[in-house]
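Welcome! Here is a friendly tour for anyone meeting this structure for the first time. Please take a look at the sequence and the fold before reading on.

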Amino acid sequence: MHDLFSFPAQRRFDLLAVGDPNVDLVFTVDRVPLADQKVLGRRLPSFAGGTVANVACAASLLGRPTLAYGRLAGDADGDFLRREYERFGVATSHLRVVQGAMSPTALILIDASGEKALVYSQMPGRTLDADSLPAALAQSRLLYAMPYDLPEFVDIHQLARAAGVPLAIDIEAAMVPDREHLHRLLSLCDLAFMNDATYRAILGEAPQLERMTDLLAHGARMLVVSCGARGAMLAAHGQSLVQPAFPATVVDSTGAGDSFNGAFLAALLEGQQPAQALRFACAAGSIAVTATGARSALPTRAQVEALLAKGWQDVP
């Protein structure tokens, strides 16, 4: 066990994933259209998605007992999203149904290079129910969430702290209007993930380990930045790491970051040191891009270990 986090022991679930799953409507296009342009594309079957939900499925598939907490619409899409959670072994006892609501939806455009653009529509209202979350926390060792709504996230943070459960978050540029907001989010978590594009959009520069370490002064114990084909970077108190990426043929990058995050958390929860966890996560992320759909190529442990055994990562 590493000394950066103190996970509660002997809980039923390793990971508590707090957030509403969504339906992904996916189109493939040669290029993403600009304003007032039309392009031809091909619609694919609907997929189950959502950042938190994808991370939950990734961690569960890698062997970590995972509990989903959030809302489902009381319609066919909601039933579909529950079944998809269960297909990956994620427990759904703390999902609550909202009658009359529409399921959160993401419109995803995948261009010829495999990169994506998307529009996301949330379900109105709060995911958090302060009466039920403590029971879920009491069964869990780590909470993972997306802090889109700051007042709601502050409440989640307070409940997690009261339960003695560490808190991991994924930060996106769309949720951070300025650096002060970023600093506030870092003060409310133990572990923060960002991708390279988010880091550049918020901070106006490429990720640098020294700067990442400086950001930890605001409260987080660890900051992890995923950089796609360039691998990943990690800053923690007393530790800085750079991990090269594995070679991969990109079919669809949707969900690759979620696979990375889920694998990193799974590795930490089973006691891997940060350097091992970062390498494990990069391997998982490289596998996830090889099929269309956020969860279509989420890897099993055997697949990750087979890729790690090839040793490509040891060459910068």
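## Before we start

This is a predicted model, in which local features need pLDDT of at least 70 and side-chain atom pairs count only at pLDDT 80 or more, while totals for chains, interfaces and linings use all residues. Residues are numbered from 1 along each chain as its sequence is written, and side-chain values use heavy atoms, with hydrogens and water left out.

## The nonpolar cores

Let us begin on the inside. A nonpolar core is a set of buried Ala, Val, Leu, Ile, Met, Phe, Trp, Tyr and Cys residues joined through side-chain atoms within 4.5 Å. Buried means under 20% relative accessible area, exposed means over 50%, and partly exposed lies in between (1.4 Å probe, protein chains only). The largest core here holds 94 residues, and those with the most contacts inside it are Leu143, Ile171, Leu191 and Phe264. A second, separate core has six residues, including Val26, Leu44, Phe47 and Ile108.

Leu191 shows what such a place looks like. Contact means heavy atoms within 4.5 Å. Leaving aside neighbours within four places in sequence, Leu191 is in contact with Phe5, Leu167, Ala168, Ile169, Met222, Val224, Phe264, Leu265 and Leu268.

One of these partners, Ile169, belongs to strand β10 (residues 167-170). Helices (H or I, at least four residues) and strands (E, at least two) are DSSP runs, numbered from the N terminus. Ile169 is buried, with a relative accessible area of 0%. Beyond four places in sequence, the contacts of Ile169 include Tyr144, Phe153, Leu185, Cys189 and Phe193.

## An enclosed helix

Helix α9 covers residues 274-288, which makes 15 residues. From first C-alpha to last it reaches 21 Å, close to the expected 21 Å; the expected span is 1.5 Å times one less than the number of residues.

## Aromatic rings

A pair of aromatic rings is described by the distance of the centres and the angle of the planes. Rings of Phe, Tyr and Trp (its six-membered ring) pair if their centres lie within 6.5 Å; planes under 30 degrees apart count as stacked, over 60 as edge-to-face and the rest as tilted. The whole structure has five aromatic pairs. One of them joins Tyr120 and Tyr148 and is tilted, at 6.5 Å centre to centre with 35 degrees between the planes. Tyr120 is in strand β8 (residues 116-121), and Tyr148 is in the loop between β9 (140-145) and α4 (150-163), so this pair links distant parts of the chain, 28 residues apart.

Phe193 and Phe260 have ring centres 6.5 Å apart and planes at 85 degrees, so they form an edge-to-face pair. Phe193 lies in strand β11 (residues 191-195) and Phe260 in helix α8 (residues 256-269), so the pair ties together parts 67 residues apart in sequence. Phe193 is buried at 1% relative accessible area, and Phe260 is buried at 5%. Together with Tyr144 and Phe264, these two form one aromatic cluster.

## Around Thr92

Thr92 sits in strand β6 (residues 91-98) and is buried, with a relative accessible area of 11%. Not counting residues up to four places away in sequence, Thr92 touches Arg82, Tyr85 and Glu86. The side chains of Thr92 and Glu86 are joined by a polar contact of 3.1 Å. A polar contact is a pair of N or O atoms within 3.5 Å; within protein, one must be able to donate a hydrogen and the other to accept it, and residues adjacent in sequence count only if both atoms are side-chain atoms.

## Two positive phi angles

Which phi does Gln10 have, although it is not a glycine? Gln10 has a positive phi of about 55 degrees. Gln10 is found in the segment before β1 (13-18) and is exposed, at 80% relative accessible area.

Asp36, also not a glycine, has a positive phi of about 65 degrees. Asp36 lies in the loop between β2 (22-29) and β3 (41-43), and at 84% relative accessibility Asp36 is exposed.
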